[in-house]
Amino acid sequence: CTSMLNVAELKGLLPKELRDTKVICYFHENQLTYPAGKHYKFDSSLCIIQINSAHAADELWFNSAYHRDDFIKAANHFLKNSPDGDPDLLEDIRHKIHHPGIDDTGELLDKPKGTLTISWAARWEDEKNPQLFFQALRQVKQRGHKFKVNVLGEALDLIPDYFTEAEKEFADEIVHWGYQESKEAYFQVLKESDIFISTANHEFFGISAVEALSCGCLPVVPNKLAYPEVLKGFEDCFYKADSSRHLIEKIIEMIEQKKNKTWPHSPESCQQAASKYRWSILVPQMDKQLRVED
């Protein structure tokens, strides 16, 4: 089951003959450290449910070691500061790391020659910090450097003003803008891009970055969250977390590398590195772990 299910309640409601059935709870996200925003308000009752679920489940699976550590630290802090809370409640939980998978993105395409093509893809929300991305592009453009840009994703509510302003400001650089109607179309845009930039403040795994890697894009991501764990071997493409200056420098460096044909990783090596995250590889591993041994 997922971490959104109340495992303790489930076990209490099951018929007696099923109550000893082993339960594995998969934490794709958690309510203790999920950032508050327009679409989510902090709710301590949800935190209690997830802590109880972690305690009641026979084993927990996390989508990254970063997420596991983040959850356990926050849960212990929550319990320590709760009436009659027991911060040692989760000390002996059994856990494993099982990264989520991606679909096969298909064959690579030849990258457009000349100008560097940049893609950014995420929900159009503050937690993905699109303001930092637009700020960096603005500085790169003002310094006289040429680039093309794809801004992908969708707004769950009203489109923030800074997206509308950026669409006008970078009209000459934009190739694709907004939500792509199919996964194939989305992958096509990524395959035509040179680099994929993330400016996220919150990411427990980073599926969009892994999909971009599988499409042959270099991941220009902050050296924080789950990225150092998930994108091992591409640290030379990372920028210093929360540093707009270093992101600007990294984009300019990539522009020069494409111009001088000194690309640090080929599209083929990117796709090969991402292949370990394909569902066709991960599903048999998960199935094997789910089988109850005699």
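Okay, let's start with a helix contact: Ser44, Cys47, Ile48, Gln50, Ile51 and Ala54 of helix 2 meet Phe71, Ala75, Phe78 and Leu79 of helix 3. Contact here means heavy atoms within 4.5 Å. By class, that contact has eight nonpolar, two polar and no charged residues. For the classes, Ala, Val, Leu, Ile, Met, Phe, Trp, Tyr, Cys and Pro count as nonpolar, Asp, Glu, Lys and Arg as charged, and the others, Gly among them, as polar.

Before I go on, the ground rules. This is a predicted model, so local features need pLDDT of at least 70 and side-chain atom pairs count only at pLDDT 80 or more, while totals for chains, interfaces and linings use all residues. Residues are numbered from 1 along each chain as its sequence is written, and side-chain values use heavy atoms, with hydrogens and water left out. Helices (H or I, at least four residues) and strands (E, at least two) are DSSP runs, numbered from the N terminus.

Back to that helix pair. Helix 2, residues 44-56, and helix 3, residues 65-80, pack at an angle of about 115°, and their axes are 11 Å apart. That makes helix 2 roughly perpendicular to helix 3. Axes are lines fitted to C-alpha atoms, for helices over the stretch in contact, and angles run from 0 to 180 degrees between N-to-C directions. On the labels, under 35 degrees counts as roughly parallel, over 145 as roughly antiparallel, 65 to 115 as roughly perpendicular, and the rest as oblique. The crossing of helix 2 past helix 3 is left-handed, meaning that the near helix is turned anticlockwise from the far one by less than a right angle; clockwise would be right-handed.

Three strands make an open sheet in the order 1-2-3, with parallel pairing. Strand 1 and strand 3 are at the edges with a single partner strand each, so one side of each has no neighbour in the sheet. Neighbouring strands of this sheet are turned by 25° against each other on average, direction ignored. To count as a pair, two strands need at least two bridges found by DSSP. Strand 1, residues 24-27, is joined to strand 2 by four bridges, with Ile24 opposite Glu59 and Tyr26 opposite Trp61.

Buried is under 20% relative accessible area, exposed is over 50%, and partly exposed is in between, using a 1.4 Å probe and protein chains only.

There's also an open sheet of five strands, in the order 6-5-4-7-8, again with parallel pairing. Its edge strands are strand 6 (174-178) and strand 8 (218-220), each pairing on one side only. Strand 5, residues 147-152, is joined to strand 6 by four bridges, and Asn150 sits opposite His176.

Let me zoom in on Leu116, in strand 4. Leu116 counts as buried because its relative accessibility is 1%. Leaving out residues up to four places away in sequence, the residues Leu116 touches include Phe147, Ile195, Ile251, Met254 and Trp263.

Helix 7, residues 207-214, is mostly covered, with seven of its eight residues buried. Among what covers those buried residues are strand 4, helix 6, strand 7 and strand 8. Just after helix 7, Gly216 takes a positive phi of about 90°.

Most residues other than glycine have a negative phi. Asn129 has a positive one, about 50°, although it is not a glycine. Asn129 lies in the loop between strand 4 and helix 4, and at a relative accessible area of 16% it is buried. Asp242, also not a glycine, has a positive phi near 65°. Asp242 is in the loop between helix 8 and helix 9, but with a relative accessible area of 61% it is exposed.

That's my tour; happy to go back to any of it.
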